[in-house]
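Subject: Structure handover

Hello,

Here is the structure I said I would pass on. My notes on it follow below the files.

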Amino acid sequence: MGGHTLAKIMDIYILGIESSCDDTSAAIIKDRKILANFIANQHIHKEFGGVVPELASRAHQQNIIPVISKALHAANIHKNQLSAVAFTNGPGLLGSLLVGTSFAKSFALALDIPLITVNHMHAHILALFIEDEHHPKAPVFPFLCLTVSGGHTQIVRVESPYDMKVIGQTIDDAAGEAFDKAAKIMGLPYPGGPLIDKLAGLGNPAAFSFPHPQVGGLDFSFSGLKTSILYFLRDKLKEDKNFIENNKEDLSASIQSTIVAILMNKLRKASNETGIRHIAMAGGVSANSGLRNAFIQEQANGNWQVYIPKFEYCTDNAAMIAISGYYQFLRKDFADHSVAPFTRYRS
Ligand code: KG4
Ligand code: ZN
């Protein structure tokens, strides 16, 4: 019996493991349906204003087995029913990735099932294919995906679950980093993106204006925004030492609308240049309400058909690793037990 036929008549259960940054996560998927998805967040980094790699790897080591046990229990399946183990192979922090890699290899070896390596950035995009009432329609190929996270900002042309091409990317900071750095300047704790989003809902986006970067093609730049916020606040604080506290809602709304406008302008350009009107978003920053609203507006105006992931599949999670594992399983795209993680994005 061929592998393909086998895949069709059997239920496919995949354990997905994510440990690329500061969240340890495990998920179980049955075909494209999530049965369990648990995340152990690491609060330790808050007091340092960012992720401390050594503390992150240590916390992964503590969390990984409890999180996987919880996922298996919640999915109500026995580990012997698993068809394969999929894990994030990169990009990310080496020490963090090594924890997931070593566990996944040992588990696959012990259960004598295939091992699948998953690219974290591709997985953010494939999260849109999880079968969920919030994802009533899977994206239509080809589509463009704005993949925005704490480490990456990309416009990806997606031809199939197996064929993705980056057609634009940041030349310096990522969009999530822009949110987090702006928040840090305002004295907000890490990660500041979600806090800016919350405050922005209470403020006026036109209260302050910040310059847009001049970058060619479909690329982005966010480091200039951080500098202009820094200088703007330095001057304002000279006049009023409570300026940030008194204006935090308007500041957040203005910063958020600037970042969203920069992202949307390039995405419109990409859509015009490629003629592709099916547009998706993925990655942690796709949880941002300003960005989500801008997408909904484009659809309401009749310009695009948009695809927005459910909140829990935006920021780092293992469900996206499990769905990627499912697609790779169908193709028998299995890894050798000698694989090692990679830290920087590669396609
Ligand atoms: O994809 P992700 O969870 O981790 C990485 O792979 O980097 O993305 C995390 C990033 C952080 O920069 C965080 O501040 C940002 O996503 N983020 C947000 C929001 N939720 C998460 N940024 C703006 N608004 C949000 N609601
Ligand atoms: Zn991510």
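In these notes, helices (H or I, at least four residues) and strands (E, at least two) are DSSP runs, numbered from the N terminus. The model is predicted.

**The second largest pocket**

Which elements each supply at least two residues of the lining of the second largest pocket? They are the strands β5 (115-119) and β8 (163-169) and the helices α4 (120-126) and α10 (319-330). By class, the lining has 8 nonpolar, 7 polar and 3 charged residues. The space in the second largest pocket comes to about 370 Å³.

**Helix packing**

Two packed helices are described by the angle between their axes and the distance between the axes.

Helix α5 covers residues 175-185 and helix α7 covers residues 223-239. Their axes come within 10 Å and cross at roughly 15°. Angles under 35 degrees count as roughly parallel, so α5 is roughly parallel to α7. The crossing of α5 with α7 is right-handed. On the α5 side, the contact is made by Lys-181, Ala-182 and Ile-185. On the α7 side, Lys-226, Ile-229, Leu-230 and Leu-233 take part. Sorted by class, the residues of this contact are 5 nonpolar and 2 charged, with no polar residue.

Next come α7 and α8. These two helices pack at an angle of about 155°, and their axes are 13 Å apart. An angle over 145 degrees counts as roughly antiparallel, and α7 and α8 are therefore roughly antiparallel to each other. Their crossing is right-handed. From α7, the contact involves Leu-225, Ile-229, Phe-232, Leu-233, Lys-236 and Leu-237. From α8, it involves Phe-243, Ile-244, Leu-251, Ile-255, Thr-258 and Ile-259. The class count for the contact of α7 with α8 is 10 nonpolar, 1 polar and 1 charged.

The remaining pair is α8 with α9. Helix α8 spans residues 243-274 and helix α9 spans residues 289-300. The axes of α8 and α9 come within 9 Å and cross at roughly 40°. That angle makes α8 oblique to α9. Here α8 passes α9 in a right-handed crossing. The α8 residues in the contact are Gln-256, Val-260, Leu-263, Met-264, Leu-267 and Arg-268. They meet Ser-289, Gly-290, Leu-291, Ala-294, Phe-295 and Glu-298 of α9. This contact of α8 with α9 contains 7 nonpolar, 3 polar and 2 charged residues.

**Backbone details in the loops**

Most residues other than glycine have a negative phi, and most peptide bonds are trans. The following places depart from that.

- The peptide bond from Gly-90 to Pro-91 is cis, and its omega is near -5°. Pro-91 sits in the loop between β4 (84-90) and α3 (94-111).
- Tyr-190 and Pro-191 are joined by a cis peptide bond, with omega about -10°. The loop between α5 and α6 (193-200) holds Pro-191.
- Asn-76 is not a glycine, yet has a positive phi of about 60°. The loop between α2 (53-75) and β4 is where Asn-76 lies.

Regards

Terms used: Residues are numbered from 1 along each chain as its sequence is written. Chains are lettered from A and ligands numbered from 1 in the order in which they are written. This is a predicted model: local features need pLDDT of at least 70, side-chain atom pairs count only at pLDDT 80 or more; totals for chains, interfaces and linings use all residues. Side-chain values use heavy atoms; hydrogens and water are left out. Axes are lines fitted to C-alpha atoms, for helices over the stretch in contact, and angles run from 0 to 180 degrees between N-to-C directions. Angles under 35 degrees count as roughly parallel, over 145 as roughly antiparallel, 65 to 115 as roughly perpendicular and the rest as oblique. A crossing is left-handed if the near helix is turned anticlockwise from the far one by less than a right angle, and right-handed if clockwise. Contact means heavy atoms within 4.5 Å. Ala, Val, Leu, Ile, Met, Phe, Trp, Tyr, Cys and Pro count as nonpolar, Asp, Glu, Lys and Arg as charged, and the others, Gly among them, as polar. On a 1 Å grid over the protein atoms alone, a cavity is a set of points where a 1.4 Å probe fits but cannot get out, and a pocket is an open set with protein on both sides within 12 Å along at least five of seven lines; lining residues have an atom within 4 Å of a point. Grid points are joined across faces, edges and corners, and a volume is the space filled by probe spheres set on the points.
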